[in-house]
Structures are given as structure tokens and as C-alpha cells.
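User: I have a model open and want a quick walk through it. Can we start with a loop and work outwards?
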Amino acid sequence: MNIFDEAKIDCHNHLFDPARFPYHPDAPYAPSGQEVATQAQFTRVMEAYGVQHALLVGPNSGYHTDNRCLLHALASGQGRFKGVAVVKADINLDALAALQAQGVVGIAFNPALYGVASLKGVDGLFGKLAELGMFAQLQVCDDQLLDLHSLLQGSQARLLIDHCGRPDVAAGVQQAGFQALLRLADSGRACVKLSGMQKFAAADALFEQSSAYVQALLEAFGAQACVWGSDWPFIRQPARVDYGPLLKLAERLMPDARLRRTVMWDTPRRLFGFA
């Protein structure tokens with residue numbers, strides 16, 4: 001059996017359907033052309049590659065804090081999807097609980113795009129997430145985790161780190177930000193996505209430049225706190241990215257089928273409540 005035949009959950013992907021759900025005027029980027037990615041298209045991709053479930057991430061691009069496209073997919077996806085939403089920092093507990101009831105398991109924060117200062121004043125929101133058992137999903141890059149140490153250590157929210165922490169491959173595994181990510185494993189409430197290699201590694205050297213980081217994360221967090229994601233439909237990429245080669249990359253990074261089963265199926269089912 002190869003990776004195409006194995007049970008899989010894709011834990012990082014986005015939907016863009018401006019014809020049905022127009023983009024938010026405050027979104028930092030408006031995906032267009034081949035970046036448009038509807039629920040129907042993604043369902044066909046999942047079926048083609050044997051992906052049973054997906055964790056849909058509400059994107060800052062296109063939709064900002066408008067979650068209608070995401071929530072429609074959760075409602076109509078026949079149990080295939082869970083979601084991560086984008087919300088305003090002052091959202092109240094009842095509104096968060098209403099999102100949770102619709103299949104939202106976490107809230108996304110993106111200092112990689114907006115800077116660390118964008119998380120100023122989110123302590124209360126992190127507290128609400130902890131109260132509901134939801135995830136604070138963070139996309140950071142380089143050494144940003146160092147500046148977020150007080151926030152993350154002072155909160156009891158469950159943490160979900162995107163894209164291997166988006167390290168600087170030129171700085172190596174010992175770089176301060178990546179080491180801070182590895183230390184989060186000791187909290188017992190953090191997990192990490194083995195995803196987005198194309199965001200920090202060269203397109204023609206994805207394995208060579210990401211392998212050391214993936215292995216370090218697997219060693220620190222264990223397969224019970226690591227999940228896999230594609231980042232489909234790969235917006236704002238300087239070079240072509242395809243779903244199939246990313247699955248083969250995952251197979252190469254995790255050559256043990258039992259390890260892949262844990263990371264790509266058992267762990268996301270447990271963490272996010274897929275049936």
C-alpha cells in the first residue's frame with residue numbers, strides 16, 4: 001500500500017468561492033484565476049487522492065473575518081469537514097460557542113502576515129478558547145515565537161502551529177524561533193502541522209530543506225501531536241505546486257506506514273473530532 005491508498009486527513013487548506021461568497025473589502029489579498037478554489041473542486045481533489053476528511057482554514061486572504069464560505073462547507077459537507085475560523089479579538093463567548101457548534105474547532109491568528117503586534121490584546125480571546133477547549137492556531141515565521149512567549153505561556157489554550165513554524169532554512173534547526181517551537185511540546189497542549197514546506201523551502205529542494213525540521217518536530221512532539229496538511233490551493237506561490245507530489249513528499253518524510261497512519265489519520269481524528 002502506498003500513500004494514495006492510505007486513510008488521510010488534510011489539516012490545512014482553504015476555500016475561495018467569490019461567485020457565491022464575495023470577498024471581504026478588508027482582506028489583504030483577493031485570490032483569482034487558478035487560485036479560486038470551491039468546495040466542489042476541493043471535494044474532487046480529496047476523492048482523487050483518497051483524502052477522507054479535511055480541516056478547512058478560514059483564510060485572511062479573500063475573506064478576512066467573514067466565515068460564511070467556511071460555515072457553508074461545514075454545514076453541507078456531510079461530516080467530511082471541520083473548520084478553523086478568523087474572528088475579531090473582541091468576539092464574545094456565546095458567539096465562539098456558536099461557531100464551535102457548527103464544527104469550528106479553532107481560531108486562526110497570523111502574525112506571519114500581520115506581524116506580532118497583531119496579537120496585542122488577544123489574551124481574553126485565548127482565555128475564551130481555553131474555556132471552550134478550542135485551538136489557537138498560529139502561523140508564525142522566523143523567530144516570531146520568541147516575542148509570543150508570554151502570551152503562549154500565560155494562556156491555557158490548546159495551540160496548533162502552522163507549517164512547521166515556517167523556519168528560516170538558512171539559519172538551521174538551532175535557530176532560536178524553531179527551538180522555541182520545539183520547547184512548546186513540553187506544554188502538553190501544543191501540536192504542530194507538518195505542512196507548508198513550500199512556504200519555507202525551495203521548490204526544487206522541498207525534501208532536502210524541510211527534512212531536518214520535520215524530523216525534529218516528530219521527535220519533540222511525537223506523532224500524537226503532529227498532523228499533515230497540503231495548504232491547497234497554494235495561493236501566492238512563486239512556483240507551481242501540486243497535491244500529488246506533496247503527498248509523495250509526506251511519504252518520503254515519513255517512510256514508516258505506521259507513523260503516517262498516526263500523523264495523517266489517528267491524530268487528527270482525535271484532536272479535531274472527525275467521525
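Predicted model: local features only at pLDDT ≥ 70, side-chain atom pairs only at ≥ 80, totals over all residues.

User: Is asparagine 67 buried or exposed?
Analyst: Asparagine 67 is buried, because its relative accessible area is 11%, and buried means under 20%.

User: What is asparagine 67 in contact with, leaving aside neighbours within four places in sequence?
Analyst: Asparagine 67 is in contact with Ala85, Val86 and Val87, once its neighbours within four places in sequence are left aside.

User: Another loop. Where is glycine 33 found?
Analyst: Glycine 33 lies in the loop between strand S1 (8–13) and helix H1 (39–49).

User: Does glycine 33 count as buried or exposed?
Analyst: Exposed, with a relative accessibility of 56% for glycine 33. Proline 22 is eleven residues from glycine 33 along the chain, and their C-alpha atoms are separated by 15 Å.

User: Now backbone geometry. Which peptide bond is cis, the one from tryptophan 232 to what?
Analyst: To proline 233, with omega near 10°. Proline 233 is in the loop between strand S8 (226–228) and helix H11 (243–253).

User: What about phi of aspartate 142?
Analyst: Phi there is near 50°, a positive value, and aspartate 142 is a residue other than glycine. The loop between strand S5 (135–138) and helix H6 (144–147) holds aspartate 142. With 43% relative accessibility, aspartate 142 counts as partly exposed.

User: And histidine 163, what is its phi?
Analyst: Histidine 163 has a positive phi of about 50°, and it is not a glycine. This histidine 163 is in the loop between strand S6 (158–161) and helix H8 (176–184).

User: Is histidine 163 buried or exposed?
Analyst: Histidine 163 counts as buried, at 0% relative accessibility.

User: You mentioned H8. How many of its residues are buried?
Analyst: Seven of the nine residues of H8 are buried, so this helix is mostly covered. The buried ones are Gly177, Phe178, Gln179, Ala180, Leu181, Leu182 and Leu184.

User: What covers the buried residues of H8?
Analyst: The cover includes helix H6 (144–147), helix H7 (149–154), strand S6 (158–161), strand S7 (190–194) and H10.

User: Switching to the core. How many residues are in the largest nonpolar core?
Analyst: That core has 96 residues. Phe42, Phe109, Leu194, Phe221 and Phe272 have the most contacts inside it. Helix H10 (residues 206–221) gives the most to this core, with seven residues.

User: Take phenylalanine 42. What does it touch?
Analyst: Not counting residues up to four places away in sequence, phenylalanine 42 touches Asp10, Asn13, Leu15, Ala54, Leu56, Phe81, Trp232 and Tyr243.

User: Zoom out. How many helices and strands are in the chain?
Analyst: The chain has twelve helices and eight strands. Its radius of gyration is 17 Å, close to the 19 Å that the globule rule gives for 275 residues, so the chain is as compact as a globular protein of that length. The C-alpha trace spans about 45 × 40 × 35 Å along its principal axes.

User: What share of the chain is buried?
Analyst: Buried residues make up 56% of the 275 residues. Of the contacts with a separation of 6 or more, 76% come from residues 24 or more positions apart.

Definitions and conventions
Residues numbered from 1 in each chain as written. Heavy atoms only, no water. Core = buried A, V, L, I, M, F, W, Y, C linked by side-chain atoms within 4.5 Å. Buried < 20%, exposed > 50% of the residue type's maximum accessible area, 1.4 Å probe, protein only. Helix = DSSP H or I, 4+ residues; strand = E, 2+ residues; numbered from the N terminus. Contact = heavy atoms within 4.5 Å. Rg over C-alpha atoms; globule rule 2.2 N^0.38 Å.
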